[in-house]
Amino acid sequence: MRAVVFERYGEPAEVREVPDPRPADHGVVVRVEATGVCRSDWHGWQGHDPDITLPHVPGHELAGTVEAVGPRVARWRPGDRVTVPFVCACGTCPACAAGDRQVCERQSQPGFTHWGSFAQYVALDHADVNLIAVPDALSAATAASLGCRFATAFRAVVQQGRVAPGEWVAVHGCGGVGLSAVMIAAAAGARVVAVDVAPGALDLARTFGAAVRVDAGGGADTAERIREATDGGAHLSLDALGSPATCAASVNGLRRRGRHVQVGLLPSPTGTTPVPMARAVALELELLGSHGMAAHTYPEMLRLVEAGVLRPDLLVTATVPLAAAPGVLAAMGTSPGAGVTVVEPWT
Ligand SMILES: [Zn+2]
Ligand SMILES: [Zn+2]
């Protein structure tokens, strides 16, 4: 098969022929029809993810058709249209048994712990636990975005963030996850403040339902402007980018007893990120993490997608062939961009 491969961190990836994957006993091989380009792929390529070994094939948000099935898979057959959360759970560890498969103790992640979906085929583990049937009405490009950014945003806003109608929700960083979060929060009846440094991203956020836009590059204190725009601070605030500055602005933009949800990854040379904990104590803030979304909780989201309440299809702003993927990956570092680029490996 053809795949995007990199041999060294941060050096250009290239498209080349590699051996086809084979399914594990509990796994499947999926013919990839669409795979999104995400900032996590860029972090992996930069060497920020300790799970990756070289050479490596990135890609973790995908949709496609089951091609081959391991002997212990009961629920899936060749020809089934599927997507998968980027956290593939084992199904049997204590976290999985408690229903928290998104933080499985023995998770695998395509594009991180093994070769991913910037390829014509990808192997996925524990298929009976992790695969999700794609509704007929959803295109592969749209379904691909569900695997990481849209599901991640849904869990952050709805399951972890507990958004409620009428609340102010601030979203810091309007890339793929952030724009998804804007759409999901607005659909839930919240009033959304979109925060970004890119005018294009803020314009898109408005079309997806943001009531207020804050240009974080505008000089004035971002958190103060959010507190002014929201009559004292957001009830719920997400750092969808992942940086010390956006994390702090998110926490500082909350009102009393507000909820901060950290969604963007925070790689750091020291392994820690400064957080305004004094404010968390004084205002009784909740600081929450959010990590993907377990497959068994997808139906709640899929019902809203099928009903047209949520429109992940609108987030897909470009589709490109596999040959363009190395360039798109490299560009994620300097310009994560507004919207979602989807790679179609068979074009
Ligand atoms: Zn991702
Ligand atoms: Zn597990």
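Why is strand β9 largely enclosed by the rest of the structure? Let's start there, and keep in mind that this is a predicted model.

Okay, so β9 covers residues 191–196, and six of its six residues are buried, so the rest of the structure largely encloses this strand. Have a look at the side chains. R191, V193 and V195 point one way from β9, while V192, A194 and D196 point the other way, and all are buried.

Now, who are the neighbours? On to strand β8, residues 168–172: β8 and β9 run parallel, and five bridges join them. If you want one pair to find on screen, take V171, whose bridge partner in β9 is A194. To get from β8 to β9, the chain goes through helix α5, residues 176–187, and this β-α-β crossover is right-handed.

Then there's strand β10, residues 212–215. β9 pairs with β10 in the parallel sense too, over four bridges. Here the pair to look for is V193, which stands opposite V212 in β10. And again we have a right-handed β-α-β unit, made of β9, helix α6 (residues 199–207) and β10.

Last stop, helix α8, residues 244–252. Which of its residues are buried? They are T246, C247, A249, S250, V251 and N252. A quick reminder about helices: an α-helix has 3.6 residues a turn, so residues three or four places apart point the same way.

How values were computed:
Residues are numbered from 1 along each chain as its sequence is written. Chains are lettered from A and ligands numbered from 1 in the order in which they are written. This is a predicted model: local features need pLDDT of at least 70, side-chain atom pairs count only at pLDDT 80 or more; totals for chains, interfaces and linings use all residues. A residue is buried if 20 or more other C-beta atoms lie within 10 Å of its own, exposed if 12 or fewer, and partly exposed in between; C-beta atoms are placed from the backbone. Helices (H or I, at least four residues) and strands (E, at least two) are DSSP runs, numbered from the N terminus. Two strands pair if DSSP finds at least two bridges between them. A crossover is right-handed if, with the strands pointing away from the viewer, the path from the first strand over the helix to the second runs clockwise.
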